[in-house]
Amino acid sequence: MHRTGPTPPDLEITVRDERFNRETTPRRWWAGEPFGTAWHNSLSATFPRGEAFFIEAVKAHREGASPKLEAEIRAFVKQEINHTREHIAFNKLAENYGYDIKAIDKRVEEMLALTKDRPVILNLAATMALEHYTAMMAHEFLANPQHFENADPEVRDMWRWHSIEEVEHKGVAFDVWNHATRDWSNWRRWKVRSLMMLVVTKNFFKNRWEDSINLLAQDGITGWKARWGLFKYLTVSPGVIRHIFPAWLAFFKPGFHPWDHDDRALIKRYEGDFTDALMPAE
């Protein structure tokens with residue numbers, strides 16, 4: 001039997017069927033300032049189509065998976081479906097304030113259309129790389145309260161809930177990748193995932209930067225003020241990009257696995273906030 005990775009044997013992926021922002025209306029700059037609001041709004045706009053893509057990429061390679069991995073895939077899918085639902089609701093709030101969220105969604109749709117004719121294993125490789133991004137950022141959001149200290153409370157809770165589940169299932173796409181490529185050489189497996197991470201990194205930051213700048217322009221913040229403010233937000237304070245760089249670099253280590261760093265303690269820090277919304281993962 002091929003080992004798919006050092007995912008903790010006692011890991012349980014728990015589906016928390018939580019709902020947010022139904023009875024409240026966060027302020028336009030819900031993060032307390034425009035730059036964090038624009039960055040997270042640009043991220044949220046990509047999630048509905050992006051997470052549907054992740055689900056299909058993982059499900060396409062589940063044949064022959066171990067019972068444990070099969071159960072983790074099912075829980076992963078349920079978590080991602082819930083994330084999609086909540087970000088659709090959140091994106092509507094942004095649209096209600098006049099932000100052009102549909103423009104971002106349309107571009108994501110066009111980019112995903114380009115993946116239809118390529119080998120499905122590359123879709124899984126892209127999913128694995130993007131899931132590493134969500135896990136890195138989720139870890140940082142949970143570990144560093146500065147990111148949401150001035151945020152609308154319910155929006156903050158939504159991002160924390162999402163972050164908990166991203167940390168919890170951070171190894172699923174990677175383990176499915178290892179399962180799907182079990183007949184590949186270690187060199188080929190490392191080469192493809194490393195090259196894919198470089199491609200994903202280039203596209204991720206280029207697109208998120210442009211989307212954030214466009215959203216800031218819709219608030220009348222343009223030119224050097226927009227670029228410097230966003231750059232400072234991402235690299236200085238709270239500095240999510242600066243903080244996740246070591247975890248990004250670790251991805252290129254031969255033999256890397258997302259659970260090389262067991263950060264489940266972060267889940268326990270906030271998990272009690274969502275215990276009323278638990279549902280069976282099976």
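Trainee: Which residues line the largest cavity?
Mentor: In this predicted model, the lining is made up of Leu43, Phe47, Thr134, Met137, Ala138, Phe141, Trp159, His162, Ser163 and Glu166.

Trainee: And which elements give two or more residues to that lining?
Mentor: Helix H1 (34–59), helix H4 (120–143) and helix H5 (153–168) do.

Trainee: What's the lining like by class?
Mentor: You get 6 nonpolar, 3 polar and 1 charged residues around the largest cavity.

Trainee: How much space lies in there?
Mentor: About 90 Å³ for the largest cavity.

Trainee: OK, what lines the second largest cavity?
Mentor: Pro26, Arg27, Arg28, Trp30, Asn41, Phe90, Leu93, Ala94, Tyr97 and Tyr99. By class that's 7 nonpolar, 1 polar and 2 charged residues.

Trainee: Which helix gives the most to that lining?
Mentor: Helix H2, residues 67–96, with 3 residues.

Trainee: Switching topic: where does Ile267 sit?
Mentor: Ile267 belongs to helix H10, which covers residues 264–271.

Trainee: Is Ile267 buried or exposed?
Mentor: Buried, because its relative accessible area is 5%, and the cut-off for buried is under 20%.

Trainee: What is Ile267 in contact with, leaving aside neighbours within four places in sequence?
Mentor: Ile267 is in contact with Arg16, Ile164, Val167 and Glu168.

Technical notes:
Residues numbered from 1 in each chain as written. Predicted model: local features only at pLDDT ≥ 70, side-chain atom pairs only at ≥ 80, totals over all residues. Heavy atoms only, no water. 1 Å grid on protein atoms, 1.4 Å probe; cavity = no way out; pocket = protein on both sides within 12 Å on 5 of 7 lines; lining within 4 Å. Points joined across faces, edges and corners; volume = space filled by probe spheres on them. Helix = DSSP H or I, 4+ residues; strand = E, 2+ residues; numbered from the N terminus. Nonpolar A, V, L, I, M, F, W, Y, C, P; charged D, E, K, R; others polar. Buried < 20%, exposed > 50% of the residue type's maximum accessible area, 1.4 Å probe, protein only. Contact = heavy atoms within 4.5 Å.
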